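Please read this briefing alongside the sequence and the 3D model. The points below are grouped by topic.

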Amino acid sequence: MRNKILLVVGIAVLVTTLGFFLVSHLLFSSPQPKSSNDEIFTVEIKTSEPEIIDKLKNQGFIRNTWAFNLALTIKDKHNKIEPGGYYLMKNLNIWQIADKT
């Protein structure tokens, strides 16, 4: 009986760990890992943060707007993206994009 409980717990831990890494990869990784070309991402004056985030997603720089908002919260970068041009690559993850904007 004890062996069955340990087996079930072990499988649950394994599934949880794999699920965490899968979700982490899908939400926080770069949308185009093989792309290494610099592109200019422009932020116009008086563009709202949700518009900037939507533009990042629509242009293929981020995979998930919720995950990018989380990165901005953790890095204390909300409402701190300045207007201008940013050299970005589509192989950057959301943490790197948050640092560069």
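Asp-99 is partly exposed, at 45% relative accessibility, where buried means under 20% relative accessible area, exposed over 50% and partly exposed in between (1.4 Å probe, protein chains only). The model is a predicted one: local features need pLDDT of at least 70, side-chain atom pairs count only at pLDDT 80 or more, and totals for chains, interfaces and linings use all residues. Residues are numbered from 1 along each chain as its sequence is written, and side-chain values use heavy atoms, with hydrogens and water left out.

**Salt bridge of Asp-99**
- Asp-99 forms a salt bridge with Lys-75, with 3.0 Å between the closest N and O atoms; the term stands for a side-chain nitrogen of Lys or Arg within 4 Å of a carboxyl oxygen of Asp or Glu.
- Lys-75 lies in the loop between helix 3 (65–74) and strand 2 and Asp-99 in helix 4, so the pair ties together parts that are 24 residues apart in sequence.
- Helices (H or I, at least four residues) and strands (E, at least two) are DSSP runs, numbered from the N terminus.
- Lys-75 counts as partly exposed, at 30% relative accessibility.

**Other salt bridges**
- The whole structure holds three salt bridges.
- In one of them, Lys-90 pairs with Glu-39, and the closest N and O atoms are 3.6 Å apart.
- Since Lys-90 sits in the loop between strand 2 (84–88) and helix 4 (94–100) and Glu-39 in strand 1 (residues 39–43), this pair ties together parts that are 51 residues apart in sequence.
- Lys-90 is buried, with a relative accessible area of 12%, whereas Glu-39 is partly exposed at 30% relative accessibility.
- Asp-76 and Lys-80 also form a salt bridge, their closest N and O atoms being 3.2 Å apart.
- Asp-76 is exposed at 53% relative accessibility, and Lys-80 is partly exposed at 44%.

**Lys-77, a buried charge**
- Lys-77 is found in the loop between helix 3 and strand 2.
- Lys-77 is buried but has no salt bridge, and the nearest side chain of opposite charge, Asp-99, is 5.1 Å away; Lys and Arg count as positive and Asp and Glu as negative, while His and the chain ends are not counted.
- The side chain of Lys-77 reaches the backbone oxygen of Asp-99 at 3.4 Å.
- A polar atom of the Lys-77 side chain lies 3.1 Å from the backbone oxygen of Thr-101.
- Leaving aside residues up to four places away in sequence, Lys-77 touches Glu-49, Leu-72, Ala-98, Asp-99 and Thr-101, where contact means heavy atoms within 4.5 Å.

**Ala-67**
- Ala-67 belongs to helix 3 and is buried, at 0% relative accessibility.
- Ala-67 and Trp-95 are 28 residues apart along the chain, and their C-alpha atoms are separated by 9.6 Å.

**Nonpolar surface patch**
- Met-1, Ile-5, Val-9 and Val-13 form a nonpolar patch on the surface, with about 430 Å² of accessible area together.
- Patches are made of residues with over 30% relative accessible area and no salt bridge, with like charges joined within 9 Å and nonpolar side chains (Val, Leu, Ile, Met, Phe, Trp, Tyr) within 5 Å.
- Val-13 is part of helix 1 (residues 2–28).

**Overall fold**
- The protein has four helices and two strands, in the order α-β-α-α-β-α from the N terminus.
- Of its 101 residues, 28% count as buried.
- The protein exposes about 7000 Å², of which carbon and sulfur atoms supply 61%; accessible areas come from the Shrake-Rupley method with a 1.4 Å probe, and for residues only the protein chains shown count as cover.

Key
Polar contact = N/O pair within 3.5 Å; in protein donor to acceptor, adjacent residues only side chain to side chain.
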